[in-house]
Amino acid sequence: MDTYLLPAAMRELPPPWHDLTYRRSQALEALAPTEERLEQARHVLRACLPDRRQSVYDWDEELRDFYDDRDDHTLDEADAWLTRIMPITSRVTRERVVQVVGAWADMGIPTVPEPPTEEWVDRVAAEWAASVRQALANDAFAFIERATTAGMLNEGEAEDVALLAAAFVRVGVAVEAAVRLLVSLGRPHGEQALRELVNDDEVRDFRPYVRSRLLGLRRPMYDVRAREVTRDEEPLLPEGLRGLPHSWQDDFGWGATAPDSQSLAQARSALEACLTVERVPDDALTCGDAPADRSAMAEVVRALMPYPRLVTRERMNEAWHECQSLGFELQGIDAACFAKIWCEKIADRVTAAVFRWLADLPQGGGAAGDKEPAVLSATALWAAELAERCARCGSAVQETIWFLHRTDDVPGSREALARLALDPSLPATTRTTAQEWAP
């Protein structure tokens, strides 16, 4: 008696859904998404949804370790044996997996045990069954997405499909296809499902991907807010920063800004303003449990406040609430602390941008085409003092020390480098960086 690896609902799927060869996808692409076919696709999803989390392909590398020793051609040929012996869902059995394993042994695949153990056959069978579920679900989601794009789903159908897609994400099957469909559904059902997923512990390692797609869906709303004038909002950055025309989207870069008396005065004012921004204890600066999280969180803050003049109490509160709803780790960080953290980060980015620009300026008498040589030649004098102060407080250390190195023909820069290199009260990383560039 055959030992079936798929539930009865999957074994009884109608054509072309029961087909496990490449012909299924071709047939589905040729079909128009009618109401009857959409219901059939939803039935396929309900049939393929496992009752527990699955390990499929890259989502759990341990389950596929036995593929590591095969080259691409061998792997393709080995996989072809699966659909050659089990071309439709009703033929997916453990006994046929044993036949496939025998074919693999005849091919001389080095990772097949000799003889194949029961445990090894069970692993192959489990992976094959999981991959069948995923392949069918991928095609079903893609089929429904076509209908969604065409506006064919009513409210009830959209809600049902969103629930199904979220359920597949939670069990780790057809995750990318399910999330694409949720993005296609948009508001309210797709967005709501994505919001619930990023706050669900079951999502685990899929969370960054789900969050990135949700951010893309919500980005137009951030852009609308960024275009609104501040009016009566409370500014959080000092005046010397609020006047900067440079955008966070360009990392506050000064680009080809001409080094004249006006731009240099603005640079000096910005650096002095940055030094007045309150520094936050290092343990609060993590603001997220992984670098990817911090990068995504910065995307939210940057989108809502792309220019320093837009950094206000009200918008920081909105960013904090938004990051909370996106499932970021903000334990112990209230709205006020969140605002301080990001004001410091913004000030540090501006400081870095200013010193990158200053480091690239030619120093000396003819730097500005003989128009304002005195202004440019004097730049390193005040900039060296500000660079040392910034480095000492831990702001843009790499950029400030690089500037001091680039201008070490000026006594003030050389002396600042030497002090930074030898001061035992500074962090070891700051001293080491200064020692690397000290003359």
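Visitor: Which residues form one aromatic cluster?
Guide: Trp 248, Phe 252, Phe 338 and Trp 342 do. Before we go on, this is a predicted model, where local features need pLDDT of at least 70, side-chain atom pairs count only at pLDDT 80 or more, and totals for chains, interfaces and linings use all residues. Residues are numbered from 1 along each chain as its sequence is written, and side-chain values use heavy atoms, with hydrogens and water left out.

Visitor: Thanks! How many aromatic pairs does the structure hold?
Guide: It holds 9 aromatic pairs. One of them is Phe 338 with Trp 342, a tilted pair with 6.3 Å centre to centre and 50° between the planes. To pair, rings of Phe, Tyr and Trp (its six-membered ring) need centres within 6.5 Å; planes under 30 degrees apart count as stacked, over 60 as edge-to-face and the rest as tilted.

Visitor: And where do Phe 338 and Trp 342 lie?
Guide: Both are in helix H15 (residues 335-360), 4 residues apart, which is about one turn of the helix. Helices (H or I, at least four residues) and strands (E, at least two) are DSSP runs, numbered from the N terminus.

Visitor: Are those two buried or exposed?
Guide: Phe 338 and Trp 342 are both buried. Buried means under 20% relative accessible area, exposed over 50% and partly exposed in between (1.4 Å probe, protein chains only).

Visitor: What about Phe 355 and Phe 403, how do their rings sit?
Guide: Their ring centres are 5.3 Å apart and their planes are at 50°, so this pair is tilted. Phe 355 lies in helix H15 and Phe 403 in helix H18 (residues 397-406), so the pair ties together parts that are 48 residues apart in sequence. Phe 355 and Phe 403 are buried.

Visitor: Let's switch to charges. Which ring does the charged end of Arg 211 sit over?
Guide: That would be Phe 328, with the charged end of Arg 211 4.0 Å from the ring centre. Arg 302 lies over the face of Trp 248, 5.9 Å from the ring centre. A charge sits over a ring if NZ of Lys or CZ of Arg is within 6 Å of the ring centre and within 35 degrees of the ring normal.

Visitor: Nice. How many salt bridges turn up in the whole structure?
Guide: A search finds 34 salt bridges. The term stands for a side-chain nitrogen of Lys or Arg within 4 Å of a carboxyl oxygen of Asp or Glu.

Visitor: Which residue does Asp 139 form a salt bridge with?
Guide: Arg 24, and their closest N and O atoms are 2.8 Å apart. This pair links distant parts of the chain, with Asp 139 in helix H6 (residues 118-149) and Arg 24 in helix H2 (residues 23-30), 115 residues apart. Asp 139 is buried at 16% relative accessible area, and Arg 24 counts as buried at 6%.

Visitor: How far apart are the closest N and O atoms of Arg 389 and Glu 385?
Guide: In that salt bridge they are 3.5 Å apart. Arg 389 and Glu 385 are 4 residues apart in helix H17 (residues 379-392), so about one helical turn separates them. Arg 389 is partly exposed at 42%, and Glu 385 is partly exposed at 41%.

Visitor: Last one: which residues are linked in a network of salt bridges?
Guide: Arg 187, Glu 191, Arg 195, Arg 218 and Glu 322 are linked that way.
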